[in-house]
Amino acid sequence: MKQSPVMTFRTNDSDTAAAARAKRLAGPNRRAQVLRTASAQFAMTGLRGTTTLALAEAAGISEAILYVHFGNKTQLFREAVEINSETRLRSLDSDLASIGADGQIDWIGSTAEATMKICLAGKPNAILMNWALLEAPEFATDLYRNEIGSIRGLWDREVARRFPASRSRDIASLQIVPYAVNTCLAHGFWLATLRHTPDSAGPLARQFANSIAKSASTILATA
């Protein structure tokens with residue numbers, strides 16, 4: 001059967017539009033842009049509550065193009081969560097290296113506060129990891145453990161810089177750092193779940209950080 005000229009025009013127009021979308025997605029920053037919009041969408045509605053249609057519309061592409069470049073929705077979610085964790089670690093690395101504090105106890109308090117607040121800031125916001133732990137624990141649990149280990153490494157690096165080689169440094173690394181990292185990260189994730197910002201969580205994070213510093217002071221007094 002001979003195809004209608006109108007139908008031919010529409011088909012060609014549709015193909016052209018799809019090709020244009022694919023070309024835009026292949027651009028140097030386009031994939032990262034799609035991941036950013038997907039991260040924002042997942043942060044609002046989680047993995048199960050987010051449709052591929054919503055993701056495609058937010059990114060300005062078709063669902064078909066989304067599948068071609070990212071596979072299924074779960075794969076896109078996992079990639080977004082992994083980037084979220086990596087971004088948080090990079091940001092915390094920079095923040096901890098720039099902390100100026102008078103004395104070791106003040107440094108512990110400032111570091112504890114920074115560790116909590118990094119969970120609430122912009123791109124590193126931990127609400128995405130919270131969704132992953134809730135909806136994809138078989139994937140997120142190991143990622144969360146790795147994040148804890150990496151943050152402990154950052155704390156240990158700073159302890160080595162700020163504590164002279166002594167029994168105090170050993171106590172800080174073996175007793176204070178593991179406790180502080182686990183509790184601060186858990187508290188930061190909880191504040192993220194409550195949709196706090198760094199500013200709105202400031203008093204709560206500071207109070208919790210002060211309790212960490214007080215406990216550290218008690219422990220170090222026995223050195």
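1. Leu143 sits in helix 8; helices here (H or I, at least four residues) and strands (E, at least two) are DSSP runs, numbered from the N terminus. Leu143 counts as buried because its relative accessibility is 16%. The cut-offs are under 20% relative accessible area for buried, over 50% for exposed and partly exposed in between (1.4 Å probe, protein chains only).

2. The model is predicted: local features need pLDDT of at least 70 and side-chain atom pairs count only at pLDDT 80 or more, whereas totals for chains, interfaces and linings use all residues. Residues are numbered from 1 along each chain as its sequence is written, and side-chain values use heavy atoms, with hydrogens and water left out.

3. On the overall make-up, the protein has ten helices and zero strands. Read from the N terminus, the order of elements is α-α-α-α-α-α-α-α-α-α. Of the 223 residues in the protein, 41% are buried. The exposed surface comes to about 11700 Å², with 56% of it supplied by carbon and sulfur atoms; accessible areas come from the Shrake-Rupley method with a 1.4 Å probe, and for residues only the protein chains shown count as cover.

4. Contact means heavy atoms within 4.5 Å. Taking the contacts in the protein between residues at least 6 apart in sequence, 76% join residues at least 24 apart.

5. What does Leu143 touch, not counting residues up to four places away in sequence? Val81, Glu82, Ser85 and Met129 are its partners. From Leu143 to Leu133 the C-alpha distance is 9.4 Å, across ten residues of sequence.

6. Two packed helices are described by the angle between their axes and the distance between the axes. Here, helix 7 (residues 127-135) crosses helix 8 at roughly 135 degrees, and their axes come within 6 Å. Helix 7 is therefore oblique to helix 8. Axes are lines fitted to C-alpha atoms, for helices over the stretch in contact, and angles run from 0 to 180 degrees between N-to-C directions. Under 35 degrees is roughly parallel, over 145 roughly antiparallel, 65 to 115 roughly perpendicular and the rest oblique.

7. The crossing of helix 7 with helix 8 is left-handed; a crossing is left-handed if the near helix is turned anticlockwise from the far one by less than a right angle, and right-handed if clockwise. Helix 7 brings Met129, Ala132, Leu133, Leu134 and Glu135 to this contact, and helix 8 brings Pro137, Ala140, Thr141, Leu143, Tyr144 and Glu147. By class, the residues of the contact of helix 7 with helix 8 are eight nonpolar, one polar and two charged. Nonpolar covers Ala, Val, Leu, Ile, Met, Phe, Trp, Tyr, Cys and Pro, charged covers Asp, Glu, Lys and Arg, and the others, Gly among them, are polar.

8. Helix 2 (residues 30-45) packs on helix 3 (residues 52-59) at about 130 degrees, with the axes 9 Å apart. This pair, helix 2 and helix 3, is oblique. The crossing of helix 2 and helix 3 is right-handed. On the helix 2 side the contact uses Arg30, Val34, Thr37, Ala38, Gln41 and Phe42, and on the helix 3 side Ala54, Leu55, Ala58 and Ala59. The contact of helix 2 with helix 3 has seven nonpolar, two polar and one charged residues.

9. Is Glu158 buried or exposed? Glu158 is buried, at 1% relative accessibility. This glutamate belongs to helix 8 (residues 137-162). Neighbours within four places in sequence left aside, Glu158 is in contact with Leu96, Ala97 and Trp107.

10. Ser94 lies in helix 5 (residues 73-97) and is partly exposed, with a relative accessible area of 48%. Its C-alpha atom is 9.9 Å from that of Leu154, 60 residues away along the chain.

11. Gly109, in helix 6 (residues 104-117), is buried at 8% relative accessibility. Not counting residues up to four places away in sequence, Gly109 touches Ala209 and Ala213. The C-alpha atoms of Gly109 and Phe208 are separated by 8.8 Å, although the two residues are 99 apart along the chain.

12. One backbone angle should be noted. Most residues other than glycine have a negative phi. Arg195 has a positive phi, near 65 degrees. Arg195 is in the loop between helix 9 (167-193) and helix 10 (202-220), and is partly exposed with a relative accessible area of 49%.
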